[in-house]
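Here are my notes on the model, as numbered points. Please read them with the structure open.

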Amino acid sequence: MLQLQVIYGRDAGKCLSFQQSAVNIGTDPGNDFRLTDSEVSEYHGRFTCNHDAGHYAYCDLQSLHGSRVQSSTIDVLLYSRQMPQSIALAGDTTLSVGQTVIRCQNVPGKSNSGQNVSMSRKTAISIHSLAPSKNVKLLGFLLDMSTHLMARTNHQGVMAHVAKSILQQLPKASHVAFWQIDSVRDSFSCVYERARNNGIVPHLLSKDEFLSALNGHNVELYVSENEDHQAIVAPLVTSSREIGVFVVDSDSAERITSGELDAMARLAHMVAYAFERTVYNADLSSVFEGFIRAMIAVMDARDPATAGHSMRVSQYTMYLAQAIQSDQSPAFRNVSFSHNHIDELRFASLLHDIGKVVLRREILLKSAKLRSSELKHLLERIDLFSAWFATQSTETLGESYRSPQQFEHYREIVTRVVQADVHPSNEDLRYLNEMRKTTVSSFPGLPLLTAEELECLCIPFGTLNADERHEIQKHALISWQYLSQIAWPQRWANVPLFVLQHHEKLNGTGYPYGIKGDQILLQSRMISVCDIFDALTGGDRSYKTRHAFGDAAIILRKEADYGALDPDIVDIFIRKVIPQIVDPEAHTNGDGE
Ligand SMILES: [Fe+2]
Ligand SMILES: [Fe+2]
C-alpha cells in the first residue's frame, strides 16, 4: 500500500493511503492526492506501484518546475517539459514539488492480484451501430462531459475527468483505468486509474480482451465465473488514431445494463476524439516551439552582440511569473497564470525583439559612437590639419592658430569620448565645439569636425544618435506587425500585444505609443523589467559596461521611483528573481521548484 503524507507546505498533515496501482498528484481536483500549492502543476506527477512485489516508481508528468526525489540512495531532480521523467524508488522517499514536501512509503497492505479469477465475455456493442438515444438523463450526462472535455488540454485532464464522472454517475462502478496501446500493438500500459474509496483494484483482463474491443470497435462486457465481478472494455479509437481502451470495473452484485453499456460506448467515442484534440494541441505546441526557436536563432546570428538576450529575458520572465503566482501581497494576490498563460508569456518574452531582424546590421552592431571607418577618417583629418598648421605661424593666423599640443589633445578627446560608456564632460564638449570651428584654407568647407561627427561624439549614453535611436525603436512595432500575421491559437492570442508594449513606460515616456499606467498589460510590464535587467547585466555586449546585479537592481529601483517601471514588479523581481538568477541551483534544489 502506498502512503503519502505532506510534511511541509500548505497541505502539511494531509495523509492518505492507496491500494491502487497508480496514484496521481497535482492541484487539479481530478488527482488522487490533491495539493493546493500554487507552484505545483495541475497534473504534476504519478506514482505507479506493484504492491505485491513491493516496488514503486515516480514519474514527473512534464510539470512546470519538476520534482525532486530524495532517499538514502538517490537525490535527483526530474524535470523535462518535453517528456515525462520516471525513476524507480526503493524504501522511503521524500518528494519535493513546489513548496510542498511529501513523505512516500510503500507499507504492507492487502493483495490485489486477482490472478486466478477467470472472466468471460458476455456481450458487446459496436460503437458504430449506436442509434440516436432518447435517454434524456444520458444525453445530459454526455453533454456535460462534452463541455468539460472541450476545456481539457492534456491527456491527464481528460482521463481524470472521465474517471471521476463515471464513478459519480455509475454507482456500481468501482474502478476506472485507461490503457494505452504501444505503436506496434504489442502491449498495453496502464496510464491512469482511479478507484472508488481507494479500494482494491483487480486487473483481471489482459491484452487479448483489450485487442478484441479495439479490433472490433466494440464496447464489451466481461463477467467473472462466479459473477461477482464485471468489467466493461471500451475502445478509444478515432478515424485516424488508435489510442487504447478504458476499462470500468464493477464488484457490485447488480448487473451492468445494456443502457449503461450504451452510455460507455458513446462516451468512448467522445473521449477518443478529446484525446485526439489534446494530441493535436501538443503537436501544435511543439511546432510553435520549434518555429520560435528557429526565429531566435536567426536573430542571434544577425546580432552576435546580443545573442542569448531573448532566451535570458524569457528565463527571467518565467522566474518572475512563478514568483508573482506564489506571492500573497495585495499587488499579486489575485494574479494567477494557467499553463496557457505561461506559454503565452514565454513565447512573447522569447520573441519580444524579433522585429530587430529587419534593422540595419550597422546599427545593431554599432559598438562605438563613430564606426571604425568614420573614426579612422577623423583621426587622419586631425593629422592632416596638424601638419598644415605646423607650416603656419601664430602671427599670421592669430586666434585661429592651433598648436601641435592642441591637436594631440583633440586626438585624446576623440579616442576617449567615442567609446560607448564614456559620458563627455563639459570641458570635452567645449573642445569638441572648438574642433568644429577649426578650418584651414586648403580645404574650404571642410571643418576639422563635421556636424554629424559632433552629434555622435556628444551622445551622452550608448552609441546611437537620434536618427539611429529612432530607427531601432521601430523594432517594437515591427515585431508586432510580424507576429500579428501568425494565426496564433486563441490561447496564445495576446503574444503580439505583449510584445508591442514591452518598451512602454508607466509614466508615458516609452514607445511606440507612449501609453501609460494600466493601459500597459501586466505581462508587458514583466517583460520590460526583465529586458532592462538583461540589457544592464548581459555579458555579451562587449561595448557596454556590464553592471553588477546589485547595481542593476539600484537602476531598476530608480526607474520605478521615476515612474517608468511598475514598482511592485521591480520589488518582487529584486527580492525573488535576482537571487534565483544568481544561483538557480539553490532555488531548484532548495524548495523543490
Ligand atoms: Fe526590445
Ligand atoms: Fe530586448
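1. Two residues are counted as in contact if their C-beta atoms, placed from the backbone, lie within 7 Å. In that sense, the buried residues of helix H3 pack against strand S13 (175–181), strand S14 (188–195), strand S15 (218–224), strand S16 (230–237) and strand S17 (242–250). The model is a predicted one, and the points below should be read with that in mind.

2. Which residues of H3 (residues 207–216) are buried? They are Glu209, Phe210, Ala213 and Leu214. These residues cover an arc of only 130° around the axis, and therefore they sit on the same side of H3. On the other side of H3, Asp208 and Asn215 are exposed. Just after H3 comes His217, which takes a positive phi of about 55°.

3. An α-helix has 3.6 residues a turn, so residues three or four places apart point the same way.

4. Helix H17 (residues 549–561) has 13 residues, which at 1.5 Å a residue should span 18 Å; the end C-alpha atoms of H17 are 18 Å apart, in agreement. Its buried residues are Ala552, Leu556, Glu559 and Ala560. Because they cover an arc of only 100° around the axis, they lie on the same side of H17. The face turned away from that buried side carries the exposed residues Gly550, Ile554, Lys558 and Asp561.

5. What covers the buried residues of H17? The cover includes helix H16 (522–537) and helix H18 (567–582). H17 is followed by Gly563, with a positive phi near 95°.

6. Helix H2 (residues 155–169) passes the length check too: its 15 residues should span 21 Å at 1.5 Å a residue, and its end C-alpha atoms are 21 Å apart. Buried in H2 are His155, Gln156, Gly157, Val158, Met159, Ala160, His161, Val162, Ala163 and Ile166.

7. Thr27 belongs to the loop between strand S3 (22–26) and strand S4 (33–34). Is Thr27 buried, exposed or partly exposed, and what is the count behind that? Thr27 is partly exposed, because 19 other C-beta atoms lie within 10 Å, while a buried residue needs 20 or more. Not counting residues up to four places away in sequence, Thr27 touches Arg34, Leu35, Thr36, Val40, Ser41 and Glu42. The C-alpha atoms of Thr27 and His44 are separated by 7.7 Å, with the two residues 17 residues apart along the chain.

8. The domain assignment lists domain 1 (2–106), domain 2 (119–281), domain 3 (303–361 + 471–588) and domain 4 (394–462). The centres of domain 1 and domain 3, taken over C-alpha atoms, are 33 Å apart. Four residues from domain 1 and five residues from domain 3 make the contact. On the domain 1 side, these are two nonpolar, one polar and one charged by class.

9. On confidence, the mean pLDDT of the protein is 86, and 93% of its residues reach 70 or more. Among the elements, helix H15 (residues 495–500) has the highest mean pLDDT (97) and helix H19 (residues 584–590) the lowest (58). The pLDDT is below 50 over residues 110–115, a stretch with 11 contacts in the model beyond near neighbours in sequence. Residues 589–593 also have pLDDT below 50, and that stretch has 11 contacts beyond near neighbours in sequence.

Methods
Residues are numbered from 1 along each chain as its sequence is written. Chains are lettered from A and ligands numbered from 1 in the order in which they are written. This is a predicted model: local features need pLDDT of at least 70, side-chain atom pairs count only at pLDDT 80 or more; totals for chains, interfaces and linings use all residues. Helices (H or I, at least four residues) and strands (E, at least two) are DSSP runs, numbered from the N terminus. The expected span of a helix is 1.5 Å times one less than its number of residues. A residue is buried if 20 or more other C-beta atoms lie within 10 Å of its own, exposed if 12 or fewer, and partly exposed in between; C-beta atoms are placed from the backbone. The arc is that of the directions from the helix axis to the C-beta atoms. Domain bounds come from an automatic or database domain assignment. Ala, Val, Leu, Ile, Met, Phe, Trp, Tyr, Cys and Pro count as nonpolar, Asp, Glu, Lys and Arg as charged, and the others, Gly among them, as polar. pLDDT is the predictor's confidence in each residue, from 0 to 100.
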